[in-house]
Amino acid sequence: MAAKNEWADKDYYADLGVASSATDAEIKKAYRKLARENHPDSHPGDTKREERFKAVAEAYDVLGDTAKRKEYDEFKAMLRAGGGLRGGFRGNSQFQDFSDIFGGGGAASGFSDIFGSAWSSPRRTARPTRGADVETEITLDFREAARGTTIPLQITGDAPCAACHGSGSQSGAAVNCPSCNGSGYRSENRGAFGFSAPCSDCEGTGKIIPDPCLDCRGTGTVRRSRSITVRIPVGVVDGQKVRLAGQGEAGPHGTPAGDLFVIVHVRDDKVFSRKGDDLEVEVPVSFGELALGDTITVPTLDSPVRVKIPAGTPDGRVLRVRGRGIPKRDGQSGDLHVRVKVQVPKNLSAAATSALKHYIETEKESGFDPRAGWVGNN
């Protein structure tokens with residue numbers, strides 16, 4: 001979730017496509033629909049949908065919580081009334097918003113420089129509301145990626161402090177910040193203008209820890225390594241990101257953990273190649289098997305299957321075996337495409353050579369011409 005000082009640039013209702021008067025049920029329904037349509041696992045490599053998914057999740061984090069939604073609505077109402085940067089001439093009961101003037105270009109930019117340098121003071125940004133996301137990479141064999149697998153991973157990063165259970169406090173309790181009375185914001189009046197900014201004492205959280213934990217020094221997190229088991233879904237493709245919600249670094253002071261993104265690399269296979277959810281394999285055959293027809297054994301990801309070659313099959317023809325390709329999440333599977341490729345013998349026995357010569361003569365007598373109709377004859 002964005003920090004409160006970032007809410008000014010956010011329109012969470014627009015992100016979810018609902019009116020500000022929407023009911024809780026309508027907000028939940030809109031979130032589920034958009035999250036399903038834009039989930040990264042359903043659209044690997046689509047950065048636009050991934051960013052859209054994050055925006056939708058952030059919006060629902062606020063609007064899906066009654067208390068946060070009320071606070072957000074009040075904050076936006078304050079901004080519409082000029083509560084963020086309040087300006088005006090003394091004695092005038094109406095406040096005028098000078099943000100466009102001071103933030104604009106041209107001659108007005110001089111005012112921004114003057115007021116910015118005269119009134120600005122060093123401030124820390126609001127404390128993070130969740131842990132950092134983590135990325136790691138793994139490499140799988142082709143068949144592991146096709147079937148799906150489970151692998152152990154060793155992750156090093158911020159984890160909840162065991163001594164204080166992630167609270168950052170020895171007693172496990174935080175109190176309202178006395179500087180901002182728990183609001184997380186402080187107002188300052190400077191001449192004719194007033195400013196609202198995150199409280200520097202509590203970093204915008206509204207809470208302080210009177211008895212910091214000795215192990216984590218009040219942060220609620222410690223750096224350590226941990227082992228987790230990652231389930232890689234069936235049919236994952238090279239370069240795909242697998243997201244594990246809440247498996248990233250722990251958030252400070254008990255806030256939610258970030259996400260873990262596992263980037264999957266897939267090794268090439270010696271037998272199979274992949275096209276979408278279909279597998280492709282090239283099988284060597286003899287001229288006789290194509291000319292007379294036969295049944296051959298073909299490998300699959302599981303056990304071999306028997307494939308019938310019709311008589312008169314041309315070299316390079318693709319035969320399809322339904323349901324023996326890449327497994328899908330709905331329980332179905334793609335197809336296996338078998339391409340037959342004639343292998344010409346390099347060494348023939350005397351008997352085989354004699355038989356082949358006899359066949360060639362018989363073939364000519366029957367009137368067969370392998371180049372009949374070939375454009376090279378014209």
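In this predicted model, helix α3 (residues 47-63) packs against helix α4 (residues 66-80) at an angle of about 100°. Their axes are 6 Å apart. Two packed helices are described by these two quantities, the angle between the axes and the distance between them. An angle of 65 to 115 degrees counts as roughly perpendicular. α3 and α4 are therefore roughly perpendicular to each other. The contact involves Asp61, Val62 and Leu63 in α3. These residues meet Lys68, Arg69 and Tyr72 in α4. Val62 also belongs to a nonpolar core of 15 residues. Tyr12, Ile27 and Phe75 are also among the members of that core.

A sheet was examined next. Three strands form an open sheet in the order β2-β10-β9. The pairing in this sheet is mixed. Strands of a sheet pair through backbone hydrogen bonds, either parallel or antiparallel. β2 (134-140) and β9 (241-244) stand at the edges, and each has a single partner strand. One side of each edge strand is therefore left without a neighbour in the sheet. On average, neighbouring strands are turned by 25° against each other, direction ignored.

The two pairings can be followed strand by strand. β2 and β10 (residues 260-266) run parallel and are joined by 7 bridges. Within this pairing, Thr139 has His265 in β10 as its bridge partner. β9 and β10 pair in the antiparallel sense, over 4 bridges. Here Arg243 stands opposite Phe261 in β10.

The side chains along β9 alternate. Val242 and Leu244 point to one face and are buried.

In soluble globular proteins, nonpolar side chains tend to be buried together. The largest nonpolar core in this model holds 37 residues. Val262, Val264 and Val298 touch the most other members of this core. At least three residues of the core come from domain 2 (134-169 + 213-267), and at least three from domain 4 (272-342).

Is Gln240 buried or exposed? Buried means under 20% relative accessible area. Gln240 has a relative accessible area of 5%, so this residue is buried. Beyond four places in sequence, Gln240 touches Asp41, Pro44, Val262, Ile263, Val264 and Arg329. Gln240 and Val266 are 26 residues apart along the chain, and their C-alpha atoms are separated by 9.5 Å.

Most residues other than glycine have a negative phi. Asn181 has a positive phi, near 55°. Asn181 is placed in the loop between β4 (175-176) and β5 (185-190). The relative accessibility of Asn181 is 68%, so this residue counts as exposed. Arg217 also has a positive phi, near 60°. The loop that holds Arg217 runs between β7 (207-208) and β8. Arg217 is exposed, because its relative accessible area is 76% and the cut-off for exposed is over 50%.

Technical notes:
Residues numbered from 1 in each chain as written. Predicted model: local features only at pLDDT ≥ 70, side-chain atom pairs only at ≥ 80, totals over all residues. Heavy atoms only, no water. Pairing = 2+ DSSP bridges. Axes fitted to C-alpha atoms, helices over the stretch in contact; angles between N-to-C directions. Core = buried A, V, L, I, M, F, W, Y, C linked by side-chain atoms within 4.5 Å. Buried < 20%, exposed > 50% of the residue type's maximum accessible area, 1.4 Å probe, protein only. Domains from an automatic or database assignment. Parallel < 35°, antiparallel > 145°, perpendicular 65-115°, else oblique. Contact = heavy atoms within 4.5 Å.
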